[in-house]
Amino acid sequence: MSRLLELTIKPFVPFVRHIWRRLPVALRQTRPARRIGTFFYDHYARGTYRDQTHFTWFLRNIPELRLLTEVVSAHPRGQPLRIASIGCSVGAELYSTLWLLRRYHPWLQVVARGIDTSAKVIEVARNGVYRLRTPSPQGGTLELNGAKVLTTVPNALSDIMDMTSEGEFRIKDWIREGVSWTVADATDPGLAAMIGPQDVVIVCNVLGPMDDAIAEACLRSLVKLIVPGGTLVLDGIDLDLKSRVTQSLGLKPVTRYLEEIHTADPTKGDWPWTRWAHEPIDHERADWEYRYATVFAVPVGARA
């Protein structure tokens, strides 16, 4: 029945989308409009474009990175802070995290690992060299408003990278220190034995394109990597699934900067017409903290 409904509404999508995009923002945020948007998202956009990509860029979500920096500041001194970036692509997200941590918490002994199924992007990440006019899997970058950029925060680039004589951008050695890169599948049950326990696991924009059943099993498995008291960074996943699974696992959402984090990524607009777009925050939902938070604490005794 659902498939039949999707086929029935599909011819009307261009017309409704045209009208929607011309509505005042205040009107789109009313409850009746949200219900209409949710209907079209669930029956049109949610199942589209379920393909993994390596599209990424540096400092993609500054408020999220700031929150993570605050959370790990309580990590015991003298103990390594183990971080795993799952679906790391060409390394931009992990290098961004390391830059901020080492800049503001130089006393932290960070041991970081990037993991991706693609040997090609892992090699790019390991080399730490990026170019403006290159496809994403080869170290390319974001195209925003018709321009190729490495980040939406260009004044930070000189602290993260050096420009080579060939016009390439290379991650600075003090950021690369202690990082390893592994070709592995996030859904592999043997991943825990391969990389060991972690204090922080970053899982952003990799579970959304998966089938829901596979994404749920993968998420439950990845949470097992995190030690009690550790942190999960989770974004780019179906919100119904995220809310249900994080609650069932006993995770605790960290809601500082939630609104800033939710709107920080310029590529996640155009809800409800794009699958990976961020749904507007609805504080009247009983599960809103689990649904919209991207940083979760793993308490002692969390259920696996």
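These legends describe close-up views of a predicted model.

Local features are drawn from residues with pLDDT of at least 70 and side-chain atom pairs from pLDDT 80 or more, while totals for chains, interfaces and linings use all residues of this predicted model. Residues are numbered from 1 along each chain as its sequence is written, and side-chain values use heavy atoms, with hydrogens and water left out.

**View 1. The protein chain as a whole.**
Of its 304 residues, 48% are buried (buried: under 20% relative accessible area; exposed: over 50%; partly exposed: in between; 1.4 Å probe, protein chains only). Among contacts with a separation of 6 or more, 77% link residues 24 or more positions apart (contact: heavy atoms within 4.5 Å).

**View 2. Helix 2 against helix 4.**
Helix 2 (residues 13–20) packs on helix 4 (residues 31–45) at about 145°, and the axes are 12 Å apart. Axes are lines fitted to C-alpha atoms, for helices over the stretch in contact, and angles run from 0 to 180 degrees between N-to-C directions. The crossing is left-handed (the near helix is turned anticlockwise from the far one by less than a right angle; clockwise gives right-handed). Helix 2 contributes Val-13, Val-16, Arg-17 and Trp-20 to the contact, and helix 4 contributes Ala-33, Gly-37, Phe-40 and Tyr-44.

**View 3. Helix 5 against helix 6.**
The axes of helix 5 (residues 62–72) and helix 6 (residues 92–104) come within 10 Å and cross at roughly 50°. Helix 5 is therefore oblique to helix 6 (under 35 degrees is roughly parallel, over 145 roughly antiparallel, 65 to 115 roughly perpendicular, and the rest oblique). The crossing of helix 5 past helix 6 is right-handed. On helix 5 the contact is made by Glu-64, Leu-65, Arg-66, Leu-68, Thr-69 and Val-72, and on helix 6 by Glu-93, Ser-96, Thr-97, Leu-100, Leu-101 and Tyr-104.

**View 4. Strands 1 and 2.**
Strand 1 (residues 81–86) and strand 2 run parallel and are joined by six bridges (strands pair if DSSP finds at least two bridges between them). Ile-86 has Ile-115 of strand 2 as its bridge partner. Strand 2 (residues 110–116) is mostly covered, with five of its seven residues buried.

**View 5. The open sheet 3-7-6.**
Three strands, in the order 3-7-6, form an open sheet with antiparallel pairing. Strand 3 (129–130) and strand 6 (161–163) are at the edges with a single partner strand each, so one side of each has no neighbour in the sheet. Two bridges link strand 3 to strand 7 (residues 169–171), and Val-129 stands opposite Arg-170.

**View 6. Thr-187 and its surroundings.**
Thr-187 sits in the loop between strand 8 (179–183) and helix 10 (191–195) and is partly exposed at 35% relative accessibility. Its side chain makes a polar contact of 2.8 Å with that of Asp-185 (a pair of N or O atoms within 3.5 Å; within protein, one must be able to donate a hydrogen and the other to accept it, and residues adjacent in sequence count only if both atoms are side-chain atoms). Beyond neighbours within four places in sequence, Thr-187 contacts Met-210, Ile-214 and Cys-218.

**View 7. Arg-291 in helix 14.**
Arg-291 belongs to helix 14 (residues 288–292) and is buried, with a relative accessible area of 5%. The side chains of Arg-291 and Asp-240 form a polar contact of 2.7 Å.

Conventions: Helix = DSSP H or I, 4+ residues; strand = E, 2+ residues; numbered from the N terminus.
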